[in-house]
Amino acid sequence: MTKANPPDPEGFEVTDATALAAAISAGQIAAYDVMEASLAACYERADMGAVVYLDEDMARAGAKAADALPPDQRGPLHGVPFLVKDLGGFAKDLPATAGSSAIRAQGRKPENDSHLLQGLRQTGLIPFGLTATPPFGLSLTCEPDGMAATCNPWNSSLTPGGSSGGAAAAVAAGIVAIAHATDAAGSIRVPAACCGLTGLKPSRGAVPGGPDFANHLMGIASELVLARSVRDVKTAFDAVAQPMAPVHLPERPRVAVALPERCGAVQCQAAKAAADALRDSGCEVYEVRAPDRLGTEAHAIARTILAVSLAEWLTALRIPDDKIPPLAAAMAAEGRATPATALFAASRQLARLTNRANKLFRSADAILMPVLSSAPPVVGALDLSGTAPDKHMAQLEAFAPNAAIANVAGLPALALPFGMANGLPLGVQLVGPPGADFALLKLGALIEARAPAIPFPHPIAGLPA
């Protein structure tokens, strides 16, 4: 792995959504021309399978409106093309299908934006299409039902991660500079690590889930974006953050490094290098035992919630099991067989685990750990054609150990890249106590400023050289 570069704030240049918006506002390029470049990239890189739905009329109308907007009404991401995940918060007139051919056949189009999308639009982002997700978000890879699998822009034989795999592939491939993503058990952080991106899974309640709260999942799910920089993620979070008691960092932040037993040497090396970057920036850094047992418990709780939720969802949509992938049907059957007493027990276990997870921060302001245990697997390695949920869920936990802790305990978790190995980016994550979202972003900026540059395979569409 490449050694971290020394900090050079004066020479630090980021090519991201913020830079693209600045170029538009400075008159270097029109929002309309940026959108045309993004649409062209969608077609040029269609074999990547990142984008599953495009509305060119919406794209061009949005870009024209952006160019006509007076300077004093422009947001920080003015004129930047934006893709919405095919699962989670809706965008008006973009027919999200949760990666399911059965939902796709129903042809539903949302009549309004979700509260999250309303806030993101206020930054100046222009939604115009949907990114791929596995059916019902049930995998940490990305193979939509009835569509081509999504490929990793760094190596097309590998997965970009999931379930926000299409979003990650679109940003890493430069189709857009920033994209919507969701996370119920690692689905922002895993694709970020697979594709060299930055993504925040916010604290429980930190971002809006309304107006219908369809992605609530008993509080384990949250939404925001995937991007190429910490500052882009911060801008998005600023735009949608709900009032919460913030957690402030002390003058010398304390960061505990936790290396899960199942993580490979390269992944652990990346976490240690990121820890060195924080140490160089003045943080107090020390190693602790990884909360592996807590991770396994969190994964089991998340599984119960996901199975019951899927069963209820399919009933509400009147979708029979023979219209969905076999593994999804098996998970739904598991959900229907779960008695109310077991679901209540899971809610009690969630509360207890939350209490135990909060205690991890008695002597630490943040915990630094790898996101993945290994490099991304090949496309199709975690498909939904089987009928054994135990095997599938065990594979997910092994690939992203301890990822579900942040979801079940409601903690913020920030994934960001640090270094490369074998031609692929490496990812680490910072986890903090509830309300520490901005604190993690501040620590993430320290890591980012000292991290090796990520040589993305494609520049951002429309960004002037």
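Visitor: How do the residues of the lining of the largest pocket divide into nonpolar, polar and charged?

Guide: This is a predicted model, in which local features need pLDDT of at least 70 and side-chain atom pairs count only at pLDDT 80 or more, while totals for chains, interfaces and linings use all residues. Residues are numbered from 1 along each chain as its sequence is written, and side-chain values use heavy atoms, with hydrogens and water left out. On a 1 Å grid over the protein atoms alone, a pocket is an open set of points with protein on both sides within 12 Å along at least five of seven lines, a cavity is a set where a 1.4 Å probe fits but cannot get out, and lining residues have an atom within 4 Å of a point. For the largest pocket, the lining divides into 23 nonpolar, 13 polar and 7 charged residues.

Visitor: How much space lies in the largest pocket?

Guide: A volume here is the space filled by probe spheres set on the grid points, which are joined across faces, edges and corners. For the largest pocket, that space is about 830 Å³.

Visitor: Which residues that line the largest pocket are the closest to its centre?

Guide: The lining holds 43 residues. The closest to the centre are Leu87, Ala98, Phe136, Asn215 and Trp313.

Visitor: Which element gives the largest share of the lining of the largest pocket?

Guide: Helices (H or I, at least four residues) and strands (E, at least two) are DSSP runs, numbered from the N terminus. Elements giving two or more residues to this lining include helix H4 (101-106) and strand S4 (178-183). The largest share, 8 residues, comes from H10.

Visitor: What is the volume of the largest cavity?

Guide: The count comes to 1 cavity of 30 Å³ or more. Among the residues lining the largest cavity are Arg189, Asn402 and Val431, and strand S9 (366-370), helix H14 (404-409) and strand S11 (424-431) each supply at least two residues. The volume of the largest cavity is about 60 Å³.

Visitor: Which helices do the buried residues of H12 pack against?

Guide: Buried means under 20% relative accessible area, with exposed over 50% and partly exposed in between (1.4 Å probe, protein chains only). The buried residues of H12 include Ala345, Leu350 and Leu353. The buried residues of H12 pack against H10 and H14.

Terms used:
Nonpolar A, V, L, I, M, F, W, Y, C, P; charged D, E, K, R; others polar. Contact = heavy atoms within 4.5 Å.
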